[in-house]
Amino acid sequence: MADGRGTSSHSGENLLFLTDEQLRQAIEAMFFAYRGFTADPDRILVDMAYGRAHHRAIHFINRAPGTTVNNLLGLLGVTKQSLNRVLRTLIADGLVESQVGKSDKRERHLYLTEAGRALEQTLSDAQRVRMRSAFREAGPEAVAGFRSVLETMMDPEMRHSYQRLKENSG
C-alpha cells in the first residue's frame, strides 16, 4: 500500500515514478526548508550587517582552517570580487586572519580568529538545534534518505569537495 509519499509500505517500490506534482511539492518543500534553515543565522547576522556569503565563508574557513582563498572560491562558487569583498569585511572586523603561504607567497591562507570561532559556533548552534529536532522527529531512515538525496543532487565536483570535508573532519 502506498503511504501517500510515493513509496510502498510493503513492496519496497522505489521513488522512481514520482509525478510532476510530487516533484513540484518536493521542490517547494526544499525552498521552505532552506528558508527555515537560514532564518536563525540570518537573524544573528543582520545586526552585524553580514549576509549569507559571510556565513558560508565563516563556516568553511572553520571546517578547513588554513584553506586558501582559491579553495574557498571553489567551495562557495562565487566570484573573486564577491569573495574579496566578504573577506575584507571579515578581516577588518577581526573575525578572519589571512596569512601569506609559506611555500607560495602568492597564496593567502585563512583562519578564524577567536571572535570568528565564537560567531561560527553561535551560527552553527542555531542550525544544529533546528537540524537535530527535524532529524529526531523524522527518524534514522529518513535522515539516511535525506543525506542520500542531498549527496545525489550535488554536482560531481561539489560532491568531491563535500567528501573531502567529511574525510578531513575525522
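These are my notebook entries on one predicted protein model.

**Ground rules**

I number residues from 1 along each chain as its sequence is written. Since this is a predicted model, I take local features only at pLDDT of at least 70 and side-chain atom pairs only at pLDDT 80 or more, while totals for chains, interfaces and linings use all residues, and side-chain values use heavy atoms, with hydrogens and water left out.

**Entry 1: confidence**

I started with pLDDT, the predictor's confidence in each residue, from 0 to 100. The mean for the protein is 88, and 90% of its residues reach 70 or more. Residues 1-12 got a note of their own, with pLDDT below 50. Beyond near neighbours in sequence, that stretch has 17 contacts in the model (a contact means heavy atoms within 4.5 Å).

**Entry 2: the overall layout**

I counted seven helices and three strands. Helices here are DSSP runs of H or I with at least four residues, strands are runs of E with at least two, and both are numbered from the N terminus. From the N terminus on, I read the order as α-α-β-α-α-β-β-α-α-α. The C-alpha trace spans about 60 × 35 × 30 Å along its principal axes.

I also checked contacts along the chain. Among contacts with a separation of 6 or more, 47% come from residues 24 or more positions apart.

For the surface I used accessible areas from the Shrake-Rupley method with a 1.4 Å probe, where for residues only the protein chains shown count as cover. The total is about 11800 Å², and 56% of that belongs to carbon and sulfur atoms. Of the 170 residues, 27% count as buried. My cut-offs are: buried under 20% relative accessible area, exposed over 50%, and partly exposed in between (1.4 Å probe, protein chains only).

**Entry 3: the nonpolar core**

Which residues touch the most other members of the largest nonpolar core? I found I61, L72, L83, L87, L90 and L110, out of 22 residues in that core. A nonpolar core is a set of buried Ala, Val, Leu, Ile, Met, Phe, Trp, Tyr and Cys residues joined through side-chain atoms within 4.5 Å.

At least two core residues come from each of α2 (52-63), α3 (69-76), α4 (80-92), β3 (108-112) and α5 (114-138). Helix α3 gives the most, with five residues. A reminder for myself: in soluble globular proteins, nonpolar side chains tend to be buried together.

I then picked out I61. Leaving aside neighbours within four places in sequence, I61 is in contact with T67, L72, L87, V96, L110, Y111 and L112.

**Entry 4: salt bridges**

Side chains of opposite charge can pair when their charged atoms come close. My rule for a salt bridge is a side-chain nitrogen of Lys or Arg within 4 Å of a carboxyl oxygen of Asp or Glu. By this rule I get eight salt bridges.

One of them joins D40 and R130, with the closest N and O atoms 3.1 Å apart. D40 lies in helix α1 and R130 in helix α5, so this pair ties together parts that are 90 residues apart in sequence. D40 counts as buried at 17% relative accessibility, whereas R130 is partly exposed at 35%.

Another joins R52 and D42, and here the closest N and O atoms are 2.5 Å apart. R52 is in helix α2 and D42 in helix α1, so the pair links parts ten residues apart in sequence. R52 is partly exposed at 37%, and D42 is partly exposed at 24%.

I also noted D104 with R106, at 3.1 Å between the closest N and O atoms. Is R106 buried or exposed? R106 is exposed, with a relative accessible area of 74%, while D104 is partly exposed at 22%. Finally, salt bridges that share partners join E21, R24 and E28 into one network.

**Entry 5: two surface spots**

I27, F31 and F32 make a nonpolar surface patch of about 380 Å². Patches are made of residues with over 30% relative accessible area and no salt bridge, joining like charges within 9 Å and nonpolar side chains (Val, Leu, Ile, Met, Phe, Trp, Tyr) within 5 Å. F31 lies in helix α1 (residues 20-46) and counts as exposed at 60% relative accessibility.

My last stop was A49, in the loop between α1 and α2. Its phi is near 65°, a positive value in a residue other than glycine. A49 is exposed, with a relative accessible area of 67%.
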